[in-house]
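Please read the following report beside the sequence and the coordinates.

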Amino acid sequence: ADGKKAISFQHLIANGDLIIVYERHDNLKAIKVCDGSELQNRFGVFKHSDWIGKPFGSKVFSSKGGFVYLLAPTPELWTLVLSHRTQILYIADISFVVSFLEIVPGCVVLESGTGSGSLSTSLARAVAPTGHVYTFDFHEQRAASARDDFEKTGLSNLVTVGVRDIQGEGFPDEFSGAADSVFLDLPQPWLAIPSAGKMLKQDGVLCSFSPCIEQVQRSCETMRLNFTDIRTFEVLLRTYEVREGKTDFGGSENGSPISSLPCKRRQCSSEIDNNRGDNKYSTAVMARPSAEAKGHTGYLTFARLKCIQ
Ligand code: SAM
């Protein structure tokens with residue numbers, strides 16, 4: 001697949017396409033569509049040939065009547081299904097990084113380490129169609145696996161993977177003054193920060209991800225030498241379960257703890273009719289934090305290269 005096709009997903013599912021098969025929110029897998037192959041799961045047997053020609057997002061049925069959804073391999077979904085060769089960045093941090101690094105189509109972005117390519121996949125989409133991501137990891141096998149993944153996801157024309165010790169050698173000189181943004185996810189990022197500064201264009205932005213605050217403090221000390229606007233964030237994703245239910249005007253819903261949480265009350269017209277204007281009950285949209293809420297991943301420190309007058 002070429003990059004444009006991989007990013008737009010406007011086409012119909014074709015033989016050879018990578019798709020994400022969605023069984024439930026916690027059960028997704030990446031599959032290459034292959035005419036003649038079958039997917040077997042607890043919902044039955046699904047023939048790939050039945051999927052060809054369908055739009056992404058289709059609900060497809062097995063011979064037993066079970067169903068799955070065929071989704072496009074967006075960066076968000078790829079992050080959920082990729083094989084973990086390292087710790088990875090998840091979408092809450094990723095979206096923050098792309099936004100605060102001010103990455104737009106056409107940008108040149110440098111990254112290290114590549115790891116499992118979770119962040120790189122979103123960076124590639126953000127710079128498409130004319131920009132490029134150059135990502136470096138000192139682990140040859142990891143770099144090779146990431147290259148294979150970018151081939152699979154159709155992003156290899158937007159991402160180049162290099163093998164290099166970025167903490168020891170810095171980024172290659174050929175990128176001096178050429179990068180719009182630099183992202184570091186390294187164990188000792190302060191060693192790579194001076195090189196990141198050399199690579200950035202005037203006004204370029206650096207971001208460093210670190211799991212612990214001691215690393216952040218050390219990175220900030222180094223950043224202060226030639227960066228400004230240094231800011232550290234921790235992104236904590238809180239998922240809410242949202243549902244609609246009946247409640248009375250006293251605000252309690254059969255003693256359920258959900259009733260004490262923020263709720264948006266909405267008058268239900270059929271109830272008013274039935275009760276001839278007696279508005280004792282209404283429906284309400286209620287939300288409570290999900291039990292699956294994720295905790296700390298790391299700190300994101302952003303800094304802008306100081307302008308040289
Ligand atoms: N951000 C990545 C993602 O979302 O998939 C995960 C990065 S992973 C936590 C850190 C990576 O940095 C590892 O793959 C490791 O091999 C690489 N690394 C560690 N030290 C390095 C160095 N000195 N130069 C280049 N890469 C390095």
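Glu38 of this predicted model stands opposite Lys47 in β4. Strand β3 (residues 38–41) and strand β4 (residues 44–47) pair in the antiparallel sense over four bridges, and the two form a hairpin with two residues between them. Here two strands count as paired if DSSP finds at least two bridges between them, while helices (H or I, at least four residues) and strands (E, at least two) are DSSP runs that are numbered from the N terminus.

Residue numbers start from 1 along each chain as its sequence is written. Because the model is predicted, local features need pLDDT of at least 70 and side-chain atom pairs count only at pLDDT 80 or more, whereas totals for chains, interfaces and linings use all residues.

| Strands | Sense | Bridges | Residues opposite each other |
|---|---|---|---|
| β3 and β4 | antiparallel | four | Glu38 and Lys47 |
| β1 and β2 | antiparallel | six | Val21 and Lys29 |
| β1 and β6 | antiparallel | three | Tyr22 and Tyr69 |

Strand β1 (residues 18–24) and strand β2 (residues 27–32) also form a hairpin, with two residues between them. In a regular strand the side chains alternate between the two faces of the sheet.

Leaving aside neighbours within four places in sequence, Val68 is in contact with Val21, Tyr22, Glu23, Phe43, Phe46 and Val60, where contact requires C-beta atoms, placed from the backbone, to lie within 7 Å. The C-alpha atoms of Val68 and Phe302, which are 234 residues apart along the chain, are separated by 40 Å.

Phe9 has its place in the loop between α1 (3–8) and β1, and with 17 C-beta neighbours inside 10 Å it counts as partly exposed. Phe9 is in contact with Phe56 and Ala72, once its neighbours within four places in sequence are left aside. From C-alpha to C-alpha, Phe9 and Pro73 are 8.6 Å apart in space, although 64 residues separate them in sequence.

For the chain as a whole, the secondary structure comes to nine helices and 16 strands. Buried residues make up 32% of the 309 residues, and among contacts between residues at least 6 apart in sequence, 64% join residues at least 24 apart.

Which residues come nearest to the ligand? Of the 23 residues around it, these are Gly113, Gly115, Ser118, Phe138 and Gln167, with a residue taken as near if its C-beta atom, placed from the backbone, lies within 6 Å of the molecule. The shell divides into eight nonpolar, 11 polar and four charged residues; in this scheme Ala, Val, Leu, Ile, Met, Phe, Trp, Tyr, Cys and Pro count as nonpolar, Asp, Glu, Lys and Arg as charged, and the others, Gly among them, as polar. At least two residues of the shell are supplied by each of α4 (118–127), β8 (132–137) and α6 (166–169), and the largest share, three residues, comes from α6.

An unreviewed UniProt entry places the feature "binding site" at Ser116, Gly117, Ser118, Leu119, Asp137, Asp165 and Asp185; such positions are given in the numbering used here, feature names are shortened, and annotations may be inferred rather than shown by experiment. Among the annotated residues, Gly117 is found in the loop between β7 (108–112) and α4, and it counts as buried because it has 33 C-beta neighbours inside 10 Å. Not counting residues up to four places away in sequence, Gly117 touches Leu82, Ala146, Asp149 and Phe150. Asp165, also in the annotation, lies in the loop between β9 (159–163) and α6 and counts as partly exposed, because it has 15 C-beta neighbours inside 10 Å.

Helix α8 (residues 213–226) has 14 residues, which at 1.5 Å a residue should span 20 Å, and its end C-alpha atoms are 21 Å apart, which agrees; the expected span is 1.5 Å times one less than the number of residues. The buried residues of α8 are Gln215, Val216, Ser219 and Met223. An α-helix has 3.6 residues a turn, so residues three or four places apart point the same way. The buried residues of α8 pack against α7 (193–199), β11 (200–210), β12 (227–234) and β16 (299–305).

Key: A residue is buried if 20 or more other C-beta atoms lie within 10 Å of its own, exposed if 12 or fewer, and partly exposed in between; C-beta atoms are placed from the backbone. Two residues are in contact if their C-beta atoms, placed from the backbone, lie within 7 Å.
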